[in-house]
Every structure is written in structure tokens, then in C-alpha cells.
Amino acid sequence: MKGKSVYICQNCGYKTYRWTGKCPECGSWGSFVEEVVVSAPKKTRAGWVKPSTSEPLPLERIGEKQAERIPTGLKEFDRVLGGGIVKGSVSLISGEPGIGKSTFLLQISDIFSQSGNVLYVTAEESPEQIALRATRLGIKSKNLFVLAENNLQEVEKQVERIKPELVVFDSIQTLYLPYIESAAGSVSQVRESAAFITNLCKGKGITAFIVGHVTKEGTIAGPKVLEHIVDAVFQFEGDRGYNFRVFRSLKNRFGSTGELAVFEMTEKGLVEVSNPSEFFLSERPTGKPGSAIFAGMEGSCPILLEVQALVTRAVFTTPQRRAKGIDSNRLSIIVAVIEKELGYPLRNFDVFVNVVGGVKVNEPAVDLPIAAAIISSYLDRPIKENLVLFGEIGLTGEVRKVRLEELRQKEAEKNGFEVLKGIKTISELPEKALV
Ligand code: TYD
Ligand code: MG
């Protein structure tokens with residue numbers, strides 16, 4: 001097949017016919033890779049798939065046909081989805097290698113196979129490896145079929161034969177379409193493969209889960225366009241050093257985004273955690289300096305998390321600022337504000353901050369607990385027991401209100417904590433928050 005050589009940004013999918021160092025679209029450097037693009041057959045166009053008969057409908061009648069949802073029985077997971085898996089939807093499950101994507105999808109496959117055929121396409125592991133995992137999870141369903149195949153056109157044939165209700169594609173980076181000449185995992189392959197899967201499944205009313213690995217930077221390997229093709233994007237987060245995994249909705253055509261469920265990786269696969277706050281605080285040290293409790297919001301759910309800080313005398317002339325779970329720029333600002341407002345010579349100290357459990361916090365409300373933990377560690381005085389903090393810190397040290405304070409307070413009280421209130425600037429922290 002004749003193809004044309006183009007350079008494609010592996011980050012955003014921007015196309016150019018001449019190699020350039022910097023992508024004009026997303027600004028990343030050195031992201032262009034030469035690919036041979038063959039115009040795809042009409043069938044694989046990305047995006048919403050037109051039903052076979054198209055006629056205009058009065059607006060008020062469109063809502064009548066509600067999306068059919070299939071509850072999995074996993075309470076928290078169903079909630080993140082928006083009330084169960086929407087029949088015929090295509091979802092992307094992303095996460096770092098080894099986080100538990102294959103394990104989880106095998107568990108979901110088992111649930112689905114109680115009511116119909118399920119096809120698990122493994123393009124990464126051998127069927128024996130899947131079988132081994134299934135044994136470990138105690139899965140032995142007759143309706144669960146495993147297919148080791150990388151070629152999507154071959155997968156299509158088997159889908160037609162088995163007529164599954166659910167298909168798992170593990171993973172998008174190892175699947176390919178033979179008529180596209182670039183390698184599996186490249187932008188063109190990933191995009192066209194996802195479009196192929198979407199068309200295949202939407203046309204037959206099949207529900208699909210696609211596994212996608214994320215790179216170290218946290219973006220889904222391959223183009224951003226992948227996210228536009230599918231109906232929903234879910235991400236598994238967590239530290240492999242810990243046993244818990246956070247399952248988050250990043251995009252959801254059938255529900256709200258930012259929702260989160262917590263799972264624990266056990267000997268028998270992933271198990272839902274019903275009270276994440278209690279779970280995340282279970283190993284919290286008491287009476288130790290440098291540990292603060294934060295009441296955060298994840299989607300519509302409040303959650304209590306432990307924020308730790310360690311302040312030690314700097315070894316090198318440039319002090320270190322290290323953050324895990326929060327933005328490191330934010331940390332630098334908080335440290336600078338503390339230095340200015342409280343007069344601590346933090347320029348001579350290394351500051352390390354960590355959100356326990358490998359959870360990533362993205363809201364400014366975490367400023368106050370971070371500041372409290374840093375001050376607590378610096379002064380070597382613990383934070384008052386059972387105190388919960390939240391609040392945004394401004395550049396002049398003022399503490400600002402954050403959204404949904406009531407919900408946060410309720411979650412704190414439910415778990416036997418008290419919220420630090422009435423604090424106007426961070427200079428009040430040593431007196432009001434510390435022992
Ligand atoms: P896996 O599902 O293979 O991750 P991914 O598909 O995201 O790459 O999960 C890998 C890890 O999970 C591996 O380190 C073993 C662990 N695990 C358990 O702890 N318990 C279990 O029951 C199973 C099946 C796996
Ligand atoms: Mg896997």
C-alpha cells in the first residue's frame with residue numbers, strides 16, 4: 001500500500017511534512033517521529049458513530065432513550081462510572097505498568113461473564129499468564145474467552161464468532177492494524193486502532209475496555225486524540241510501594257469527572273475500600289511532628305489524607321524542595337511565604353513533602369496542611385491531635401476560603417476530627433495548630 005511520510009508529534013498528534021524540533025501545537029521538544037500514513041478505510045474514522053438510519057428527532061424526545069447501565073455490584077466503582085457501566089460504551093483504563101489494570105479488568109470480565117460472553121484480548125501477555133492470574137483470583141467462568149492476538153482485524157473475526165457482551169483490549173499500545181505501516185504503539189496506530197475498536201463495538205452494541213499505559217510524566221502514551229475517541233477515561237493511580245490504588249474518572253460522557261474510588265490490592269485481586277478516609281489514616285503516626293491531616297475533595301467526595309513534611313538542615317548550598325503528590329512549584333511558593341511571614345531561615349533547610357498513599361492532590365486547599373506540616377517539622381512540635389486543615393494560602397500569607405467547606409467539615413467530624421477554623425494568616429499556625 002502506498003503511503004506518505006509525515007512527522008507526527010507523539011504527544012499531541014500534530015502533523016507536519018517537515019521535521020521540526022518543537023511542536024507548534026503543544027510545545028513539547030523532540031517529540032516528532034516519522035510515520036508512514038496510509039489513508040485509512042472509511043470504516044475507521046474516529047469519533048461518534050452515526051446510527052444506520054438518521055432522521056432528526058424533536059429535542060424533547062431524545063432523552064427518552066436512557067443509556068442502559070449494567071451495575072457491576074462494586075459499589076464504589078459503579079458510583080465513579082455514574083451508576084454502572086453504560087452498555088455499548090468504550091472506556092479507556094490508563095495507569096502505569098504493574099498498577100493492576102489487567103487484574104482489575106479480569107475481575108470485571110468475570111462479573112460480566114455471569115450474564116454473557118466476554119472476550120479478553122491479550123496482546124501483551126500469553127493466555128497462560130492470564131489463566132494463572134485467573135486461578136489466583138479464583139475465576140473459572142465458562143463464558144470468559146481469552147484471545148492472544150495483536151492484529152485487530154483478526155480480533156474482529158473472533159468478535160463476530162463469539163458475540164461477546166464485553167471485550168477487553170489489553171493493551172492499545174500492543175495492538176495494531178496491518179494496513180497502517182507504522183509500528184504498534186505509534187501515534188497513527190494508537191489512534192486508528194482506537195477508532196477501529198470504537199467502530200467495531202458501537203456497531204454491535206458491545207461494551208469495551210481499552211487498557212492504555214501511561215508514561216512517567218503521567219500522560220497516556222500515544223496521542224491525546226485517544227481521549228477524544230473513547231466515551232470515558234479512567235485512571236489508576238497509586239504507588240506500587242503501597243497496596244492501595246485510586247481509581248479516578250478523567251473523562252466521562254455518562255457521568256461526572258474527578259470521581260474517585262479506592263481499592264486495595266490484596267492476594268486475591270483488587271478489593272474496594274468503603275471508607276477511604278479511615279483507610280488512608282490507618283497508619284498515621286500520632287504525636288509526631290511533620291504530619292498534618294487534610295480534608296480534600298475528590299470529585300463530589302470528601303476524603304481525609306495525611307500530608308507529611310520533613311525539614312532538615314541543607315547539605316548543599318542550594319536547598320532541596322521535593323514534593324510527592326502535590327505540585328512542586330506550589331511547595332516552593334509555600335516555603336517562600338513561610339520564610340517571609342514567620343521569619344524562619346528555610347533557605348538553609350531541605351524541605352520534603354509527601355501525600356501519604358501515593359494520592360495526587362490538585363487543589364489549592366492543600367496549602368494550609370502543607371504549611372502546617374512544614375512548620376511543625378521545622379519547630380519539632382507536633383500538630384494538635386485530631387485536627388483537620390484546609391485552606392488556600394495567598395502570597396501575603398493570608399488564608400483563603402476554599403470550595404465545599406461544609407462537606408469537608410462533615411467528613412472530618414464523621415471520622416472524629418475537628419476542623420481548624422478562624423485562622424486568617426499563616427503566622428497564626430504555630431499558636432493555633434501546634435501542640
Ligand atoms: P497487573 O494487573 O499485571 O498490572 P498492569 O496490568 O497494570 O500492568 O498487576 C500487577 C501487580 O499486581 C503485580 O505486581 C502482582 C499484583 N497482584 C496482587 O497483588 N494480587 C493479585 O491478586 C494479582 C492478580 C496481582
Ligand atoms: Mg497488564
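Trainee: Which residue in β16 is the bridge partner of serine 291?
Mentor: Glutamine 308 is the bridge partner of serine 291. Keep in mind that this is a predicted model.

Trainee: How many bridges join β15 to β16, and do they run parallel or antiparallel?
Mentor: The two strands, β15 (residues 291-298) and β16 (residues 301-313), run antiparallel and are joined by 8 bridges. They form a hairpin with 2 residues between them. Glycine 299 sits in that turn and has a positive phi of about 65 degrees.

Trainee: What is the bridge partner of phenylalanine 294 in β19?
Mentor: That is leucine 389. Strand β19 (residues 387-389) runs parallel to β15, with 2 bridges joining them.

Trainee: Is β15 enclosed or open, and why?
Mentor: β15 is largely enclosed by the rest of the structure, because 8 of its 8 residues are buried. Ser291, Ile293, Ala295 and Met297 point one way, and Ala292, Phe294, Gly296 and Glu298 point the other way. The residues of both sets are buried, Glu298 among them.

Trainee: Switching topic. What is the strand order in the open sheet of 9 strands?
Mentor: The order is β8-β7-β9-β10-β6-β11-β12-β13-β14, and the pairing is mixed. β8 (144-148) and β14 (269-272) stand at the edges; each has a single partner strand, so one side of each is left without a neighbour in the sheet. On average, neighbouring strands are turned by 25 degrees against each other, direction ignored.

Trainee: In what sense does β7 pair with β8?
Mentor: Strand β7 (residues 118-122) pairs with β8 in the parallel sense, over 5 bridges. Tyrosine 120 stands opposite valine 146 in β8.

Trainee: Which helix lies across β7 and β8?
Mentor: Helix α5 (residues 152-162) lies across both, and across β9 (166-170) as well. Its direction is at about 165 degrees to β7. Helix α6 (residues 187-204) also packs on the sheet, where it touches β6 (90-95), β9 and β10 (207-213). The angle between α6 and β10 is about 165 degrees.

Trainee: Ligand 1 next. Which residues come nearest?
Mentor: Ile99, Lys101, Ser102, Thr103 and Gly269 come nearest, out of 15 residues around ligand 1. The shell divides into 4 nonpolar, 6 polar and 5 charged residues. Helices α3 (101-112) and α4 (127-137) each supply at least two residues of the shell.

Trainee: Where does glutamate 181 lie?
Mentor: Glutamate 181 is in the loop between β9 and α6. It counts as partly exposed because it has 17 C-beta neighbours inside 10 Å. Its C-alpha atom is separated by 7.7 Å from that of glutamate 35, and the two residues are 146 apart along the chain.

Trainee: Last one, α10. How many of its residues are buried?
Mentor: 12 of the 13 are buried, so α10 is mostly covered. The buried residues include Asp367, Leu368, Pro369 and Tyr378.

Trainee: What span should α10 have?
Mentor: At 1.5 Å a residue, the 13 residues of α10 (residues 367-379) should span 18 Å. The end C-alpha atoms are 18 Å apart, which agrees. Aspartate 380 follows the helix and has a positive phi, near 60 degrees.

Methods. Residues are numbered from 1 along each chain as its sequence is written. Chains are lettered from A and ligands numbered from 1 in the order in which they are written. This is a predicted model: local features need pLDDT of at least 70, side-chain atom pairs count only at pLDDT 80 or more; totals for chains, interfaces and linings use all residues. Two strands pair if DSSP finds at least two bridges between them. Helices (H or I, at least four residues) and strands (E, at least two) are DSSP runs, numbered from the N terminus. Axes are lines fitted to C-alpha atoms, for helices over the stretch in contact, and angles run from 0 to 180 degrees between N-to-C directions. Two residues are in contact if their C-beta atoms, placed from the backbone, lie within 7 Å. A residue is near a molecule or strand if its C-beta atom, placed from the backbone, lies within 6 Å of it. Ala, Val, Leu, Ile, Met, Phe, Trp, Tyr, Cys and Pro count as nonpolar, Asp, Glu, Lys and Arg as charged, and the others, Gly among them, as polar. The expected span of a helix is 1.5 Å times one less than its number of residues. A residue is buried if 20 or more other C-beta atoms lie within 10 Å of its own, exposed if 12 or fewer, and partly exposed in between; C-beta atoms are placed from the backbone.
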